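Subject: Handing over the two-chain model

Hello,

Here is the structure I promised to pass on. Please open it first, then read the notes below.

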Amino acid sequence: MTTPAEKDIVIKVENLTKRFGDFTAVNQISFEVNKGEIFGFLGANGAGKTTAMKMLIGILNPTSGKANVAGFDIYNQPEQIKRNIGYMSQKFSLYEDLTIAENINFFGGIYGLNDDEIKFKSEELLTKLNFHAIKNNLVSSLPLGWKQKLAFSLAIFHSPKIVFLDEPTSGVDPITRRQFWDLIYEASHNGITVFVTTHYMDEAEYCNRISIMVDGEIKALDSPKELKNNFQIDSIDDIFYLLARKAKRIE
Amino acid sequence: MRQLKFLLIKEFQQILRNKLLVRLIIAVPIVQLVILPFAANYEIQNIKLSVVDNDHSEYSRKLINKFTSTNYFLLNGYFYSYKEAIHQLEKDNAELIIEIPKNFEKDLIRENETKIFITANAINGQTAGLSVSYSNSIIRDFNNDIRIEWLQPARINSLPTIEVTSSNWFNPKMNYKYFIVPGLMVLLVTLVGFLLTTINIVKEKEDGTIEQLNVSPLKKYQFILGKLIPFWIIGLVVLTIAQIVSFVLYGIYPVGSYLTIYLFAAIYLVALLGFGLFVSTLAETQQQAMFIAYFFMMIFILLGGLFAPIENMPNWAQFLTRLNPVSYFIEAIRMIILKGSGIKELATHFGIIILFAIIFNTLAVYSYHKTN
Ligand SMILES: Nc1ncnc2c1ncn2[C@@H]1O[C@H](COP(=O)(O)OP(=O)(O)OP(=O)(O)O)[C@@H](O)[C@H]1O
Ligand SMILES: [Mg+2]
């Protein structure tokens with residue numbers, strides 16, 4: 001293990017808060033994410049994970065607090081942030097009425113890749129996902145697990161510094177889930193920092209560090225191993241349960 | 001530029017893949033132009049007429065003859081009393097009653113003056129108004145006839161008989177189609193341009209795909225142009241289909257130039273699509289978008305002067321039509337097609353529509369946010 005001082009910090013959040021009217025969805029959260037890390041963002045439904053993520057990627061204005069993503073300030077430089085991140089939203093958001101190939105071209109194009117890059121990278125993507133035979137099929141015809149793998153591959157298509165994944169594996173079968181995590185590891189191995197939210201506690205174990213969010217606040221943050229040590233509980237599931245059952249928000 | 005190219009490719013791939021939509025875009029203007037000009041004909045013929053002749057004189061017969069010899073009226077029958085005739089009206093067998101009083105002829109000759117009573121069923125105000133005005137001109141005509149008849153024995157032919165004919169400039173045969181078809185073209189372009197843009201953008205919101213665009217480095221203006229250009233092109237395609245159909249079917253072609261029409265349409269579409277984009281920023285779901293779009297379409301149509309001439313509207317409504325971009329295009333296209341007006345004569349119209357384009361697009365740019 002390397003010491004924190006040696007690492008580059010790619011996400012730095014201080015007292016970030018989001019209120020909708022008088023409801024505080026995200027309450028003064030602070031944390032840092034290191035370069036190349038897989039950072040798990042855990043929390044029950046309605047804990048505020050998506051809201052926090054949307055502020056970090058520059059599509060939702062925070063109420064207060066500070067955050068710096070990929071070296072840019074979320075208030076003043078959202079467009080620079082967008083050039084350096086990839087995002088896979090909780091709701092599937094590729095174009096269902098376009099084919100796999102058309103989606104690849106489109107997202108490659110709007111991120112400013114040139115024709116050769118698009119061609120080369122899409123070959124690579126189709127091979128990796130084994131999609132060559134079906135590249136002209138409409139995305140709407142794909143099973144959910146395949147859609148999610150495609151969405152992830154497109155989120156990192158332009159080689160971002162950080163990729164934000166919002167519950168990428170919810171509703172996906174265990175085998176595809178495994179394959180999905182292989183893709184995440186590969187991205188991480190290639191130097192992409194991964195910020196991922198999940199409901200699955202087994203997935204939490206795959207992360208370098210995890211934070212557990214309850215009612216808009218971060219209640220615990222450490223590596224899975226340290227957390228188990230600190231809480232003297234040997235399953236993340238139980239730690240999560242211990243913290244989350246104090247939640248007041250019910251959905 | 002390159003980003004815009006990819007946005008346009010994507011938009012056309014989606015539109016062309018939607019086969020039903022493509023067919024509708026082509027079929028709607030054709031079908032509407034085939035059907036509506038016939039349905040929306042305001043010339044009224046065969047108004048059912050009931051007569052109560054209490055005089056039974058030569059003159060009363062002459063007057064009735066004058067009514068029935070036109071195509072406008074169709075005699076439903078003679079009745080002995082007004083009460084009976086009203087009964088016909090109630091049963092919808094008659095739309096207009098003429099009652100000729102006793103001593104009609106005598107009064108006319110002795111007093112030089114008499115009265116007749118006309119009753120119209122005003123449930124359909126339009127028909128009632130028209131049938132009364134038709135009656136008036138027939139009676140006026142009748143007046144002239146008998147005056148000439150009386151004067152003839154004296155051999156004074158110099159008395160001018162005043163003939164009241166309404167002249168319809170630029171539409172000499174008062175062909176209603178010339179009035180309605182150019183207006184319909186505008187409406188079709190508006191319908192397709194406005195509704196399709198609005199719903200298209202809101203669909204991206206509903207599907208969440210717009211979020212994927214908002215986290216990309218796409219510029220705001222690229223997104224907006226990427227949405228406007230496809231529907232701008234489709235709007236002009238619809239206009240072209242409409243021009244072809246109205247030439248083939250009705251022989252209507254502009255006395256002025258096609259160039260003026262297209263130039264106006266090009267600017268008009270920029271204004272309209274900007275408005276569509278603005279509306280789409282107000283709605284979160286396609287259902288809401290449809291509702292808002294419908295609301296504005298109704299106003300566009302009813303206050304656009306398509307069916308009812310704007311001059312006939314009350315003042316406050318006339319004022320509202322001045323705020324309706326559709327009314328300017330309808331007026332302009334009629335002037336180009338029927339009168340042959342050019343850019344010079346239409347300078348005000350061009351000016352105003354450019355102003356609309358600027359206002360709506362500024363609104364759209366300001367209300368579309370990549371960040372909420
Ligand atoms: N635009 C909004 N206006 C008002 N309240 C909102 C808005 N967006 C989110 N919320 C509320 O904020 C809270 C946090 O929502 P958020 O979507 O961030 O939760 P989450 O942790 O992502 O939950 P899930 O696991 O269900 O995705 C919820 O109670 C939600 O209802
Ligand atoms: Mg969420």
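**Helix 14 of chain B**

Helices (H or I, at least four residues) and strands (E, at least two) are DSSP runs, numbered from the N terminus.

A word on the basis of all this. This is a predicted model, in which local features need pLDDT of at least 70 and side-chain atom pairs count only at pLDDT 80 or more, while totals for chains, interfaces and linings use all residues. Residues are numbered from 1 along each chain as its sequence is written, chains are lettered from A and ligands numbered from 1 in the order in which they are written, and side-chain values use heavy atoms, with hydrogens and water left out.

Back to helix 14 of chain B. Its buried residues are B:His349, B:Phe350, B:Ile353, B:Phe356, B:Ala357, B:Phe360, B:Asn361 and B:Ala364. Seen down the axis of helix 14 of chain B, these fall within an arc of 120°, so they line one face of the helix. The arc is taken from the directions from the helix axis to the C-beta atoms. Buried means under 20% relative accessible area, exposed over 50%, and partly exposed in between (1.4 Å probe, protein chains only).

The face turned away from the buried side of helix 14 of chain B carries exposed B:Thr348, B:Leu355, B:Ile358 and B:Tyr366. What covers the buried residues? The cover includes helix 9 (220-250), helix 10 (258-282) and helix 13 (325-339) of chain B. Contact means heavy atoms within 4.5 Å.

**Where the chains meet**

In chain B, 24 residues are in contact with 32 residues of chain A. The two chains bury about 2600 Å² between them, 53% of it on carbon and sulfur atoms. Buried area is the accessible area (1.4 Å probe) that two parts lose on being put together, summed over both.

Three salt bridges cross the interface of chain B and chain A. One such pair is B:Glu211 with A:Lys54, with the closest N and O atoms 3.0 Å apart. A salt bridge is a side-chain nitrogen of Lys or Arg within 4 Å of a carboxyl oxygen of Asp or Glu.

**Chain A: annotation and loops**

An unreviewed UniProt entry annotates residues 11-240 of chain A as "domain: ABC transporter". Such annotations may be inferred rather than shown by experiment, and positions are given in the numbering used here, with feature names shortened. Over residues 11-240, chain A is 37% helix and 27% strand, and the end C-alpha atoms are 24 Å apart.

Look next at the loop between strand 7 (162-166) and helix 6 (174-189) of chain A, which holds A:Thr169. A:Thr169 counts as buried, at 2% relative accessibility. Leaving aside neighbours within four places in sequence, A:Thr169 is in contact with A:Arg177, A:Phe180, A:Trp181, A:Tyr200 and A:Glu203.

A:Glu167 sits in the loop between strand 7 and helix 6 of chain A. A:Glu167 has a positive phi of about 45° although it is not a glycine. A:Glu167 is buried, with a relative accessible area of 7%. Not counting residues up to four places away in sequence, A:Glu167 touches A:Lys49, A:Gln90, A:Gln148, A:Thr197, A:Thr198 and A:His199.

A:Gln232 also has a positive phi, near 55°, and is a residue other than glycine. A:Gln232 lies in the loop between helix 8 (224-231) and helix 9 (236-244) of chain A. At 68% relative accessibility, A:Gln232 counts as exposed.

**Salt bridges**

How many salt bridges are there over all chains? The count comes to 23.

A:Glu32 pairs with A:Lys12 (2.9 Å, N to O). A:Glu32 is in strand 2 (residues 23-34) and A:Lys12 in strand 1 (residues 9-20) of chain A, 20 residues apart.

A:Lys128 and A:Glu186 also form a salt bridge (3.5 Å, N to O). A:Lys128 lies in helix 4 (residues 115-129) and A:Glu186 in helix 6 of chain A, so the pair ties together parts that are 58 residues apart in sequence.

In chain B, B:Asp145 meets B:Lys66 (2.8 Å, N to O). B:Asp145 lies in helix 6 (residues 125-151) and B:Lys66 in helix 3 (residues 58-68) of chain B, so this pair ties together parts 79 residues apart in sequence. Salt bridges that share partners also join B:Lys10, B:Glu11, B:Glu204 and B:Lys227 into one network.

Best wishes
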